[in-house]
Amino acid sequence: MITINNLSKNYGKKILFEGISLNISKGEKIGLIGPNGSGKSTLFSLILSEVEPSSGQVMVIKNTHIGHLAQESSFSSEHTVLSELTGGDERIINLKNEKEELENKGLAGSKCYGEVLHNLETLGFFELEHKAEKILMGLGFKESDFSRPIKQMSGGWQMRTLLAKLLTYHYDLLLLDEPTNYLDLNAALWLKDYLASFRGTFIMISHDRAFLTDVTNYTLVLENGSIAKVEGNYEHYEQIKKERRVHLEKQFKEQEKKIEQLERFVSR
């Protein structure tokens, strides 16, 4: 799905990462961790082609649809909450326009019209409202909120609306940057259950290690300018790190013991 090859990014003299390479495959649910300032959000921007790399390449398979939730984002819309979610993304809007055009031409029985309907069905258009309502309720909205204009809502609820919209539509890859920041406990628990059973692909930045443990099957560790991809969730990564630390400490002690033996031999 995504191939990153020898990628580097720096801002002036500040080097975020240098010469990193990895592959992201379909079905992977990835937790992206690393210290603040290590370049996690920048990596998202590079995947989205919002910024240019200093060197190297980010190659995304053609027609890969990516949804992105930024850590901080302004969500400007004239729609109500529910109409924003059911209006359709770019693909659905284009198919709806094509459908109406064929109907106006009296071609509703044509092969092309059937293909348009099939594509709309594949994208979940005919179940869109039901799915949107279910997701909104899970994220803490009340039915009375569905008709509220988005521009009249607080920034936190606007972010929840944007998250709901990303979950409503079919994306090949979701890039989620701290998605629980604006959620209360009940909404965060609902999102955890949703992502744990999610059949798609996502990369998530989060400081909530327990959340990552419950929903991911791979861990990306970005630190000290390099990246490592570990199969398994965050808890598994911590276990590997602990075992490696114990192994290194054992090696160090054995080395110290050999040096002491050598020093005693030399001093005789």
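These are my notebook entries on what I looked up in this structure.

**Entry 1: the chain as a whole**

I began by noting that the model is a predicted one, and I then went through its elements, finding 9 helices and 9 strands in the chain. Of the 268 residues in the chain, 42% are buried.

**Entry 2**

I turned next to an open sheet of 3 strands, whose order is β2-β1-β4 and whose pairing is antiparallel. Its edge strands are β2, residues 14–24, and β4, residues 55–60, each of which pairs on one side only. On average, and with direction ignored, neighbouring strands of this sheet are turned by 20° against each other.

Which helix packs on this sheet? I found that helix α1, residues 40–47, does so, touching β1, β2 and β4, and that its direction makes about 125° with that of β1.

I reminded myself that the strands of a sheet pair through backbone hydrogen bonds, either parallel or antiparallel. Strand β1, residues 2–11, pairs with β2 in the antiparallel sense over 7 bridges.

**Entry 3: strand β5 and its partner β6**

How many bridges join β5 to β6? I noted 4 bridges between β5 and strand β6, residues 173–177, and the two run parallel. One of the residues I followed here was I66, whose bridge partner in β6 is L173.

In a regular strand the side chains alternate between the two faces of the sheet. With that in mind I looked at the two faces of β5, residues 66–69: G67 and L69 make up the covered face, whereas I66 and H68 make up the uncovered one.

**Entry 4: two asparagines with positive phi**

I looked up N63, which has its place in the loop between β4 and β5, and whose phi is near 65°, a positive value in a residue other than glycine. Is N63 buried or exposed? Its relative accessibility is 62%, so N63 counts as exposed, the cut-off for that class being over 50%.

I then went to N224, in the loop between β8 (218–223) and β9 (226–231). The phi of N224 is also positive, near 55°, again in a residue other than glycine. N224 is exposed, because its relative accessible area is 78%.

**Entry 5: helix α5 against helix α7**

Here I looked at how helix α5, residues 128–138, packs with helix α7, residues 185–196: the angle is about 130° and the axes are 8 Å apart. That angle makes α5 oblique to α7. On the side of α5 the contact involves K131, K134, I135 and G138, which meet A187, W190 and Y194 in α7. By class, this contact has 4 nonpolar, 1 polar and 2 charged residues.

**Entry 6: aromatic rings**

I counted 5 aromatic pairs in the structure. One of them joins F125 and F126, which form an edge-to-face pair at 5.2 Å centre to centre, with 70° between the planes. F125 has a relative accessible area of 21% and is therefore partly exposed, and F126, at 45% relative accessibility, counts as partly exposed too.

I also traced a cluster in which ring pairs link W190, Y194, F198 and F202; W190 and Y194 had already come up in the contact of α7 with α5.

**Entry 7: V215**

My last entry concerns V215, which is found in helix α8, residues 209–215. Its relative accessibility is 2%, so V215 counts as buried, since the class takes in values under 20%. Which residues does V215 touch, not counting those up to four places away in sequence? I listed K29, K192, L195, A196, F202 and M204, and F202 is one of the residues in the ring cluster of the previous entry. Finally, I looked up the C-alpha atoms of V215 and Y234, which are 19 residues apart along the chain and are separated by 9.4 Å.

Key:
Residues numbered from 1 in each chain as written. Predicted model: local features only at pLDDT ≥ 70, side-chain atom pairs only at ≥ 80, totals over all residues. Heavy atoms only, no water. Axes fitted to C-alpha atoms, helices over the stretch in contact; angles between N-to-C directions. Parallel < 35°, antiparallel > 145°, perpendicular 65-115°, else oblique. Contact = heavy atoms within 4.5 Å. Nonpolar A, V, L, I, M, F, W, Y, C, P; charged D, E, K, R; others polar. Pairing = 2+ DSSP bridges. Phe/Tyr/Trp six-rings, centres within 6.5 Å; stacked < 30°, edge-to-face > 60°. Buried < 20%, exposed > 50% of the residue type's maximum accessible area, 1.4 Å probe, protein only.
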